[in-house]
Amino acid sequence: MLRLEDYEKIIEKCSHCSYCQSTCPSYLVEQSESSVAKNRLLIIKEMLMHENLPFTPRAQEILDDCLLCTNCTQTCSSKVPIDDIIIATRIKIGQKGVGGIKQFVMGKMLTQRGLTGALGKAGSVAQKIGIATKEIPQLASKSFDKMYSGTYTPAGTVKKRVAYFVGCGTNFIFPDTGEAVVKVLNHNGIEVIIPKGQVCCGIPALAEGDLEGARSMVETNIKLFAGLDVDAIITDCTSCGMMFKEKAAKCLSNDDPLQEKIATVTAKIWEVTDYLQNQGLEVPPGRLDITWSYHVPCHRGWSPTVKDAPRQLLGQIPDAELREFDIPEQCCGGAGTYFMEHREVAEKVRALRLQDINNTVSDVILTQCPVCRFYIGFQVMDREVTHPIKILAQAYGL
Amino acid sequence: MQGLVKDLATLLGPTQILSQPEEMLAYANDATHYFKSRIPDAVVLPHTTEEVAKVMKYAFEKEIPVTPRGAGSGLAGGCTPVHGGIVMDLKRLNQIVEIDGSNMTARVEGGVVLKKFQDTVEKRKLFYPPDPQSGCVCTIGGNVATRAGGPRGVKYGTTGNYVTGLEVVLPDGSIITPGGKFVKQSVGYDITHLMTGSEGTLGVITGVNLRLLPLPEADRTVIVVCETLEQAAEIVAEIIARGAVPAMLEFLIKLAITIMNQYFFPPLPTDGEGYLFMFFDGTEAQVEYEAKLVSEICHDMKAKEVRLIEDPRAAATYWTARANVYPLIQTIFERANSEDITVPRNKLPDLVRAVQEIAAAEEVMIGLAGHAGDGNMHPSILFPQVTPEALEKSEIAIDKLIRTGLDMGGTISGEHGIGIHKSKYLAWELGDIQIELMKRIKQAFDPKGIMNPGKIWMEDGDKHA
């Protein structure tokens with residue numbers, strides 16, 4: 001249930017080894033231990049759990065600066081679920097009404113897909129609260145759900161059936177990803193069902209401590225997907241995948257009747273390239289003379305194979321060559337809606353990421369996260385940043 | 001300390017000072033937070049040697065304690081600011097100044113992260129062997145200050161074997177550059193290596209000259225499962241005696257393997273008691289020969305299983321897991337106190353037996369892991385629960401462990417340093433005359449006693465052994 005008091009014991013497992021300094025993006029740009037996961041845990045412990053010290057606006061700011069990228073949690077050998085503890089803290093602070101974490105506006109908007117231009121409104125909200133950024137992604141002229149809905153059956157034998165959860169990034173900004181997902185799956189004999197009435201997965205709301213908002217989105221989506229007779233549930237977005245796999249169940253109490261349905265969905269959720277790699281391609285892809293680099297999204301910890309899936313899948317395309325980044329897994333700073341409210345830190349994190357990107361020569365940058373796609377894309381002019389599934393679609397001539 | 005923060009802000013600018021408790025909680029200790037913690041009065045984050053010197057000059061005038069700090073990943077409490085004052089965080093001195101392939105040398109600032117440095121030189125087919133297991137975060141300045149080492153010590157030695165020169169800011173703010181880029185020097189006292197292992201008590205290490213080696217072309221990983229701990233220890237002694245020189249030779253117990261198995265596919269069998277992880281590097285022919293020789297020794301000595309890992313990615317997972325053993329242990333125990341005993345290598349079987357006897361006699365759990373190849377073991381007292389009774393028992397057990405190691409002709413610390421954690425035992429190893437000599441050296445460098453006070457030896461008022 002993401003209640004802070006439930007973490008009092010596990011927070012003691014932090015051994016102060018400092019290994020989180022190796023991957024925490026806010027630490028890497030600040031180079032100060034104030035801004036590292038370990039210090040955030042200490043603030044939570046000393047100021048909110050044990051109340052040995054007063055909780056101050058500066059402490060709040062340090063907690064707010066966390067991107068929830070989950071790199072610390074993935075690095076932590078002591079297995080402290082640091083991101084969950086930060087979320088639980090934001091929920092608690094939100095409830096107490098202390099300090100200034102803003103109630104999440106954008107998340108609420110995304111609960112209703114019917115609202116056209118939700119992200120356009122998000123942009124104007126961002127401007128109203130004084131964090132004007134020109135880097136608000138362009139909305140697609142037609143959202144994915146306006147073009148695709150219902151069941152898409154492959155031409156030949158149906159090998160598998162999957163349901164497709166369409167995240168907000170694909171729906172509003174990059175419907176091209178969605179098109180490629182449907183075509184590539186169909187091409188491999190996989191039937192795709194796109195249920196009507198899907199809403200945001202809930203992760204942006206949860207990141208802001210809006211448990212209620214996240215819970216209602218989880219409920220809507222779970223009710224929509226749990227009853228479907230499918231082999232798998234597919235997402236093209238690693239953050240949506242993480243939300244379903246790891247966070248959805250935590251948004252409801254353990255004895256909530258919906259937990260069983262959540263478990264059904266959790267067991268079936270796959271990122272699309274991970275799923276295809278796991279199943280094996282039915283049709284070998286054609287030749288594609290392209291060099292590509294792979295920016296591994298931060299929200300990869302929920303599947304042990306998701307970060308290698310694009311490498312293996314696209315490795316089957318004759319003539320396509322992977323040019324690895326120095327640190328393929330380094331955060332880009334976008335982090336959902338973080339870049340809007342924490343422009344300065346986000347831009348520093350991105351600048352660090354861009355050094356590596358600019359040192360690596362390739363034709364295209366691939367990533368499964370729509371936020372990475374546009375946030376890196378704003379600053380990379382010489383190459384397209386896109387989803388790996390699109391390259392596979394291209395190799396198939398789809 | 002009135003006006004301290006304001007003065008420091010004037011010296012360095014406000015973005016390089018931390019002064020609110022919530023900004024400094026992480027600075028109150030290193031990875032031994034269960035010993036002592038103290039939030040400093042201020043943290044400074046200098047970018048340059050000159051800034052370090054400015055702060056030292058100020059602290060010297062005002063007689064304010066200064067505790068230099070690298071990553072804060074130490075295991076001896078060396079950078080815990082026990083007397084408060086200023087913590088000097090050196091992680092922003094993070095430039096690799098030079099890698100000179102033709103001379104096989106490098107020059108780095110003190111705050112360069114070890115792994116970043118190693119990755120950088122390895123791209124140029126060069127090799128910097130010292131490998132404290134916190135390499136992903138620990139700094140080279142911190143490595144020098146603690147004379148840090150790791151598994152590769154068996155073949156390649158530790159940090160001290162690679163340092164050829166330093167840049168040091170002395171307590172009064174003056175800057176010295178002992179040693180240099182040359183690989184040998186015979187000029188007066190060896191200040192370079194006196195600073196190496198000085199744990200921040202003599203000055204601040206801001207720059208380091210290092211010697212490099214050519215990157216070995218090939219490597220092999222061999223995993224050995226042994227029936228008993230004694231068998232594992234005897235195999236280690238035999239390997240050394242037969243002249244095989246692994247680059248790493250690690251000793252682990254079943255408990256560690258069960259936790260590490262989450263990294264391995266297929267998992268290691270858990271029906272053995274002792275486990276050896278070995279790594280050979282060199283030319284292809286050499287690693288082939290050594291891996292074969294060692295496999296034969298293990299078979300002759302009736303090891304349960306010898307697993308040769310061919311796939312480099314699989315091999316890497318074993319070593320990643322090895323690097324994470326200490327934090328992994330913390331997932332199942334409330335606390336783990338790691339010791340750092342090092343004995344002559346032929347004494348390893350005796351040490352292993354003695355550790356088990358002490359554990360049984362004192363009714364404590366002692367996990368045993370370490371760099372068996374160089375005789376450096378890390379027996380860890382494992383606390384299912386931290387109670388006053390458990391702490392008391394553990395102290396008796398640690399005393400006995402240390403005494404046993406010394407009686408075997410060993411040392412109380414192979415690579416962690418003394419800090420506050422092991423100062424109680426300093427006199428056991430060095431005796432009063434050496435400690436007095438060290439204190440006089442300290443007095444010569446640091447007449448006002450502001451450099452990392454309270455470390456290495458016991459202070460008046462501390463509980464003596």
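# Briefing: domains, chain contact and helix packing

Chain B is assigned domain 1 (4–89), domain 2 (96–214), domain 3 (218–327) and domain 4 (333–407), with bounds that come from an automatic or database domain assignment. This is a predicted model, in which local features need pLDDT of at least 70, side-chain atom pairs count only at pLDDT 80 or more, and totals for chains, interfaces and linings use all residues. Residues are numbered from 1 along each chain as its sequence is written, chains are lettered from A in the order in which they are written, and side-chain values use heavy atoms, with hydrogens and water left out.

**Domains of chain B**

- The centres of domain 1 and domain 2 of chain B, taken over C-alpha atoms, are 22 Å apart.
- In domain 1 of chain B, 12 residues are in contact with 16 residues of domain 2 of chain B (contact means heavy atoms within 4.5 Å).
- Between them these two domains of chain B bury about 1100 Å², with 72% of it on carbon and sulfur atoms; buried area is the accessible area (1.4 Å probe) that two parts lose on being put together, summed over both.
- On the side of domain 1 of chain B, the residues that lose the most area to domain 2 are B:Thr49, B:Met56 and B:Pro68, together 37% of what that side buries.

**Domains of chain A**

- Chain A is assigned domain 1 (4–96), domain 2 (144–277) and domain 3 (281–395).
- For domain 2 and domain 3 of chain A, the centres over C-alpha atoms are separated by 21 Å.
- Their contact takes 28 residues from domain 2 of chain A and 29 residues from domain 3 of chain A.
- About 2500 Å² is buried between domain 2 and domain 3 of chain A, and carbon and sulfur atoms give 64% of it.
- A:Thr238, A:Thr273 and A:Gln277 supply 22% of the area that domain 2 of chain A buries against domain 3, more than any other three residues.

**Between the chains**

- Chain B contributes 39 residues to the contact and chain A 31 residues.
- The two chains, B and A, bury about 2700 Å² between them, 51% of it on carbon and sulfur atoms.
- Of the area that chain B buries against chain A, 22% is supplied by B:Glu22, B:Leu25 and B:Ala26, more than any other three residues.

**Helix packing**

- Helices here are DSSP runs (H or I, at least four residues), numbered from the N terminus.
- In chain B, the axes of helix α1 (residues 4–12) and helix α3 (residues 49–62) come within 10 Å and cross at roughly 150°; axes are lines fitted to C-alpha atoms over the stretch in contact, and angles run from 0 to 180 degrees between N-to-C directions.
- That angle makes α1(B) roughly antiparallel to α3(B) (over 145 degrees).
- The contact joins B:Leu4, B:Asp7, B:Leu8, B:Leu11 and B:Leu12 of α1(B) to B:Glu51, B:Lys54, B:Val55, B:Tyr58 and B:Lys62 of α3(B).
- In chain A, helix α12 (residues 211–225) and helix α14 (residues 259–268) pack at an angle of about 70°, with their axes 9 Å apart.
- That angle makes α12(A) roughly perpendicular to α14(A) (65 to 115 degrees).
- A:Val218, A:Ile222 and A:Phe225 of α12(A) meet A:Lys261, A:Ile262 and A:Val265 of α14(A).

Notes: Helices (H or I, at least four residues) and strands (E, at least two) are DSSP runs, numbered from the N terminus. Angles under 35 degrees count as roughly parallel, over 145 as roughly antiparallel, 65 to 115 as roughly perpendicular and the rest as oblique.
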